[in-house]
Amino acid sequence: MVNAILKPKSVEELAEALRETSLPVTTGYGVDRFAPPCEDRCHLDLSELSGVLDFSPKDQVVRVLAGTKVNHLGDESKLDLALENYAARTPSINEVLAKEGQCLPFLPTPGLDRLIEQELLLTYSCIGFACGMGFPHLREHWNGTWRDWVLGAKAVMVDGTEFKSGSGVVKSVAGYDLHRLLIGSCDTLAILAELIFRTTPIESVVLPLPIVGPVRAASREDVAIQRVLRTDFAAAVDLAGEHLVLADPATSTIWVRLSEGMELRSFAYDWVRTSNPYRPEFRVDAVQSHFMRRAKGIFDPSERLNTGAMVIV
Amino acid sequence: MSDRAAHELRKLLGADKVIDGPGVQRAYDCDAYSIDRNSPSVVVLPESTEDVQAVVLWCNDHQVPFVARGAGTGLSGGSMPALGGVVISTKRMNRILAIDIENRCLLAQCGIANQRVTDAVREHGLHFAPDPSSQSVSTLGGNIAENSGGPHTLKYGVTVQHILGLTLITPEGSVAEFGGMLAGSPGYDFLGLIVGSEGTLGIVTEAWVKLTPLPIETATGLVAFSSIRGATEAVSAIVASGIVPAALELMDKGILRALNAAFGLTYPEGSEALLLIECDKPPPCSPKEDEEGGGASAHEDLLRAVEICAQHSSIEARIARNEAERQELWRARKKGIGAMGRLAPTIVTHDGVIPRTKLPEMLDFVYSVSERYGIGVANLFHAGDGNLHPCFYFDDRDPKQVEFVIRAGEEILAKCVELGGSISGEHGIGVEKLDLMGLMFSEDDLRVQALVKSIFNRDALCNPCKVLPNQKGCVEHQRRWRGAAW
């Protein structure tokens, strides 16, 4: 049960909200997409923590708040959703960057609509969600992962402590790269509030050519993401069969619609994750799990932050 | 302690894997940052992950500090044995364990020289992209510890983007594997945290590296400028134009003077700076991309860049017509630091980063600091990344000069932070910049970084006194390290 929904508009408001609650905390962007297992909780909707703070085109660096959209993907106004601030939306990151011929290389892509429909489309396009989840994406082979674009971040711990990591320049090795640890951590250690990215010229972004599968991942359906060796890619696509949503030959990654009782075939050295971090199919190995447990115990000792996500056991 | 440790470690590993004595202690008391020094008790030369684990377990049992060392080319004291103890040299861990061309990855022990990784796969049209200037000797493990960059970082990224998996001996002595043959495995990105942690979170013994296709076309030019300001402004203008060069390396007049003195290299009359520009084009990823041609050629990009230089006071551009000429153009860049040896007995290369648009202002500041302290400086750096490397040349037998070099470096790094930059782009914090971390990070930031460290490193044995300032038991030693050089 959600006891309170808070919509912080600034990093300070986010920190204040965290300091004032003793309940378990969940985070989301506009839509409470997943169903966390905790009974009483405070939900932080970060969709209004939005805006491009600085952009230096010549330095190719942009600083944004976590709720800012990367793109407005398609005509979202037609979606049957009550997103209160839609009418007065802030410009997306790529709208701002495009004026200078630059972008974050997360651009509309053929086949992407099969993966992220309806409310998930809106959620997915928030930069904080995309980085927090650290999903593979279709330009990864050419332009790198989310982690590769993030130069620094500001985040807030569950007790309201704000901290920053990294810097605002394209290269820095000062201190521990905590922001890398937060990318893909589903806000289970601390909440990403502000991110600094390296931008890229639009003309340098390659149009990917994914294999579009026979099914769509419909609203509220979860997908499994599996990455295999190049030498196993054709077999993985074949085996996914009618469940295949998308496949990316460049990174040998497949997206498969999850259905009841379905089991993905394992391949040597592969990995599998799910779009929903609370599903038990989200797999991490024993060593990873051991250190995740340690990290969680150090950063969130009372286990209040997105408890149950990433199956930390 | 030294004799007993050596005796016990010989029993553990075998006599030929342990060295000690005054000569050894002197040889391993610093890396290429020679201002701070401290002697180890003993040096071990493991040949496998199991050897390293055995040493780390022994150190834990006896509460002896330990630090890993690759080729000793680090420039911030990262492998200096700050509290003495055992230096674990990886120089014998230099084997390639697996090569998988189809899946574009390679598994190697971490003492292998960076260049050897590329040499092993070049015939297949692949390479290991990180290319620090020390790549002929610096090791994979050292590159991982420091998250090394290099001239081609601008396009290909730093080491972390090219490491797929690694084997770590944790500070407590257990073996842990992170990642594997495929990038992006689920869970917290510990691999991304360990790369660049300066060997403070454990000792990496083996790693899977990503192999990147060699470019199908490379175009290289060397442009001479009549002013350093013109050259730095050209750098910003080239990147802002949408060109993504593979490398943009800048050398100032001090470097040109050293190159002339050491190797007799000459440059156009009136040259105050040289800008090396390299553009390349990767192979197509699909037949469709191949058909479409995929944008401008490397040569076209280079010509555009040279044209931009002409608008910023360039006086001459040489464009390589073949590989031999390309190597000749790179010669100035690659020999630059070595040539500095002609100017003075000691060189300290500082490392800071600024937004590239601030390069003109920053270089003016560097020259003014050099003049104020009366210490010579030359600049050779990764201009495209805004990664500055002021090289001070001096005589470290004179304590006053050493003190001036340290002060000058601190002023320059403080200016980097003031201009929105970082105190290190690729050399790391080590011991050199411990006291400067407070310029970039607040107390809360540093407290959280200490929490991150404690995920892996809970006591003070594994590479103590590095990265984070004011560590318990370290502060009182700092003066002693520095005193060793004076």
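The model is predicted: local features need pLDDT of at least 70, side-chain atom pairs count only at pLDDT 80 or more, and totals for chains, interfaces and linings use all residues. Residues are numbered from 1 along each chain as written, chains are lettered from A and ligands numbered from 1 in written order, and side-chain values use heavy atoms, without hydrogens and water.

**The interface**

Chain A gives 62 residues to the contact and chain B gives 81 (heavy atoms within 4.5 Å). Together they bury about 5800 Å², 60% of it on carbon and sulfur atoms. Buried area is the accessible area (1.4 Å probe) lost when two parts are put together, summed over both. A:Lys171, A:Val173 and A:Tyr176 supply 17% of the area that chain A buries against chain B, more than any other three residues.

Five salt bridges link the chains (Lys or Arg side-chain nitrogen within 4 Å of an Asp or Glu carboxyl oxygen). One of them pairs A:Arg147 with B:Asp189 at 2.9 Å, N to O.

**The cysteines**

One disulfide is counted over all chains (cysteine sulfur atoms within 2.5 Å). It joins B:Cys465 to B:Cys474, S to S 2.0 Å. The S-S torsion is about -80°, so this disulfide is left-handed. Both of its cysteines, B:Cys465 and B:Cys474, are buried (under 20% relative accessible area, 1.4 Å probe, protein chains only; exposed is over 50%, partly exposed in between).

| Cysteine | Nearest cysteine sulfur | Distance |
|---|---|---|
| A:Cys131 | A:Cys126 | 11 Å |
| B:Cys309 | B:Cys279 | 10 Å |

A:Cys131 is buried at 0% relative accessibility. B:Cys309 is buried, with a relative accessible area of 0%.
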